[in-house]
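Thanks for joining, everyone. Please bring up the sequence and the model on your screens, and I will walk you through a few parts.

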Amino acid sequence: MDLSDTYANAPYILDAEQYPPRWATAAAAYRDEMTARGRLRAGLPYGEGPREAFDLFLPEGQAKGLAMFVHGGFWLAFGREDWSHLAAGPVARGWAVALPSYDLCPAVRISQITTQVARAVTAAAAEVAGPIRLTGHSAGGHLVARMLAPGMLPQAVAARLAHVMPISPLSDLRPLMQTGMNEKFGLDAAEAWAESPIAMSAPELPVTVWVGSEERPAFLDQARWLAEAWGCGLVDAPGRHHFDVIDGLTDPESAMTGALLA
């Protein structure tokens, strides 16, 4: 069975083609604003590759802690510069926010991206004291969930994790083996299961799974599977689809920002 359409979002979202340029415009505007205020440290390395870097947005005064947003794009697209505006909500609430890039498939495997994000979390944690809160969207939701695997992060960093909020996460990668995208993922059964958050033991720290009520059934299932496997909270955001479910992170007063930082 070919599940390619099952995991396709754009054909089912009105004016889907307008979202990437809208994100790019909002991200550039926020980067310019924070650069002018001297509150953006751009391109901090966590590895040797050109995409192994993160941007760090700083609040006014002493940061309450570190939040990180990991972008999606099915491990195939985008980079940290495309999502800078999503730092705005937590930054306005007094948190430093890191946004990493990572290498993309097919140049690397998904398991390699997971280890890259772990290095990014570790490097960002060295820059900002206090509790750490992780969130990510779609493939990024998968990646922040994977940070809770035993031994994924150094013990001192893992001990600082206060909340993880996967947004519209891919929690069981096995169905993706039946999509055309797997030509680039190169997933086999062993890696698909090893990289699936639902295969992990339920973490002991707070986790909130967030998904839009108007998302494709496959993404609603993926979110539910993770919440059930981990026995954690599941928020079904009314009226939100896969492309606008993340908008709350731009607003310091939104329910999404509030939940992440609670």
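Against which elements do the buried residues of helix 4 pack? Before I answer, please keep in mind that this is a predicted model, in which local features need pLDDT of at least 70, side-chain atom pairs count only at pLDDT 80 or more, and totals for chains, interfaces and linings use all residues. Residues are numbered from 1 along each chain as its sequence is written, and side-chain values use heavy atoms, with hydrogens and water left out.

The protein chain averages a pLDDT of 98, where pLDDT is the predictor's confidence in each residue, from 0 to 100.

Now to the answer: the buried residues of helix 4 pack against strand 3, helix 3, strand 5, strand 6, helix 7 and helix 8, with contact meaning heavy atoms within 4.5 Å. Helices (H or I, at least four residues) and strands (E, at least two) are DSSP runs, numbered from the N terminus.

Finally, Arg 80 sits in the loop between strand 3 and helix 2, and Arg 80 counts as buried because its relative accessibility is 10%. Leaving aside residues up to four places away in sequence, Arg 80 touches several residues, including Asp 55, His 71 and Leu 99.

Definitions and conventions. Buried < 20%, exposed > 50% of the residue type's maximum accessible area, 1.4 Å probe, protein only.
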